[in-house]
Amino acid sequence: MTFTPPPPHPTRPDLRGTFGMAASTHWLASASAQSVLERGGTAFDAAVAGAFVLHVVEPHLNGPGGDMTAILATADAPGRPRVLMGQGPAPAAATIAHYRDVEGLDLVPGSGALAAAVPGAVDAWLLLLRDHGTWTVADALAPAIGYARDGHPVLAAVCRTVEGVAELFRTSWPTSAERWLPRGRAPEPGELVTNPELAAVLERLVAAETDAADRGADRAGAVDAARATWKAVVGEAVEEFVRTPHRHADGRDHAGVLTAADVAGFEASFEDAVTVDFRGHTVAKTGAWGQGPALLEALRILDGFDDARLDPSTELGAHTVLEALKLALADRDTWFGDLDAAEGDAVPLDVLLSAEYAAARRALIGDRASHEVRPGSVPGRDTPAAPPLRTSYATDVPAAALPGAPAGGPAAGVGEPTVVVGATAPLNGDGLETDATGATRGDTCHLDVVDRWGNMISATPSGGWLQSSPAVPGLGFALGTRLQMTWLDEASPSALTPGRRPRTTLTPTLVLRDGSPVLACGSPGGDQQDQWQLAFLLRVLVGGYTPQEAIDAPALHTTSAPGSFWPRTWTPGGAVVEDRLGATVLAGLVERGHELTLAGDWALGRLSAVTRDPATGVLGAAANPRGAQGYAAGR
């Protein structure tokens, strides 16, 4: 083995079996998905059931008002990975002129209804159930309805999040206070928490399916009836509610622009995945309306190095991986967006993912850490202007007055879930200087399922967090904040544009070998999702680690790129690392010029994965031990 050997005892076993496997960021979702497999459902039926459970049990990380993307391969077409697109676009009235000239903004806020794209997750999950599942809406939603109506033991992380925004809820978001502070306080860990409003909404979808079937509709028609009911119920409630101005992340009150017509007009869809070949495997990701191709570009860059240089656990390997990521993310932030090929402005992935382009980018990786943003050029195309490079962001109100402004606790309310970790100031050669203000931004949910027939799916649901905007009366959930990933700059490929999708960070992964899916994986983590997945893939595909060994291994990521979340700042040369990389490796990275922040021993990465060996039919699963929440199940 050319990589550093993994520890002899992983935190958990790599599960092995031949029947079915599920892994996710919450044990109740994994167990619910596995229960569907046990009752004859497919991986797609199981994923739908698990996803709706995630809406209930991880409301601080995702919700029905949010979005999702997935990549799947079916048993009857294993060599054609498909993207399930559940990313809603900007509403019709979400124009740059309105946000800049009327609302007085220079960034889309990180919280509040102005940041809401059209909710896309529920329609996408129901589309998957219709086209690739076998179960009814009633059966697939039964676990989620049960947990919402009868209660589930609430996570400590949910309690911390609610506590972090309790004052905001009391003073500015009364509907959220009613939903999450019914006893005048945040729930306590393990307390049974219900969501009867959400249960009622889901029960209306079931009733619509039943009514359609009773009237003679076939299975597809009955599922479509549930989809139509979802759009009608949500659209009407949302349009009425967001008309009232409410507090946003800029510290001011604004009304939202989302309408019932926006909700009704969204259709989830399937798309072909974008792929590259790497070390005998094919890696599949979303198109450039997501950040997924940045991982593919990083793999192309790294493919030109010897195996030994790709080990993230060594000084040279960690340095090389971080530098490749900086280059790929610079191209993400400069070139990616939901562009229209018919208008001649498609993202030039044919160039950005080519061997020639990768070679030119690879040549930029030297012995020292870059502190620049260095996008590449594309022949025949003007390079778009780089996004604003801010190391800090000032507003006209004190930071403490912002909803959920970071202050040593969960930075909820700023539009993204935030996992606070122990941190240190930049390392020097003599040791560490403690600084307790560090935080890791970005988190969501993830779910992977594989069944005995060979169906496989990797899905990343997100958005609609309880801290993203006020809870909508009658629905039991909040809207998402994905529009904060757009720029209020017409020249940007990811400019805020009505009808276009924000350049999402949601980025599941599917890996194929010889035309068959062998691995589905993914992670929460905002801008870190593909970064943590890159280290995982290198360890599995090159280093020979098992999935659990790779998940357990020390993680790292760069912050030397503008953040996708408000307030969109960056740290030149910045890198966040787990202390377990070791003092020698960390000191070497500092010597190379990396501005390190130590996150603690077990703080980064939220990966889960499932596997399948096409030759034997043996299935596998692994899940993240960090946070004592993710779990894999199977047999």
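## Ser-30, a buried serine

Ser-30 is buried, with a relative accessible area of 1%; buried means under 20% (1.4 Å probe, protein chains only). This is a predicted model, in which local features need pLDDT of at least 70, side-chain atom pairs count only at pLDDT 80 or more, and totals for chains, interfaces and linings use all residues. Residues are numbered from 1 along each chain as its sequence is written, and side-chain values use heavy atoms, leaving out hydrogens and water.

Let's look around this serine. Leaving aside neighbours within four places in sequence, Ser-30 is in contact (heavy atoms within 4.5 Å) with Ala-22, Ala-23, Ser-24, Tyr-631 and Ala-633. A polar atom of the Ser-30 side chain lies 2.6 Å from the backbone oxygen of Tyr-631.

## Aromatic pairs

Rings of Phe, Tyr and Trp (its six-membered ring) pair if their centres lie within 6.5 Å, and planes under 30 degrees apart count as stacked. By this rule there are three aromatic pairs. One of them is stacked: Phe-169 and Trp-173, at 5.9 Å centre to centre with 25° between the planes. Phe-169 is buried at 0% relative accessible area, and Trp-173 is buried at 0% too.

Trp-230 and Phe-477 are also stacked, because their ring centres are 5.8 Å apart and their planes meet at 20°. Trp-230 is buried at 2% relative accessibility, and Phe-477 is buried at 5%.

## Charges over rings

Here a charge sits over a ring if NZ of Lys or CZ of Arg is within 6 Å of the ring centre and within 35 degrees of the ring normal. The charged end of Arg-635 sits over the ring of Phe-19, 3.9 Å from its centre. Arg-179 lies over the face of Trp-180, 4.9 Å from the ring centre.

Conventions:
Buried < 20%, exposed > 50% of the residue type's maximum accessible area, 1.4 Å probe, protein only. Polar contact = N/O pair within 3.5 Å; in protein donor to acceptor, adjacent residues only side chain to side chain. Phe/Tyr/Trp six-rings, centres within 6.5 Å; stacked < 30°, edge-to-face > 60°.
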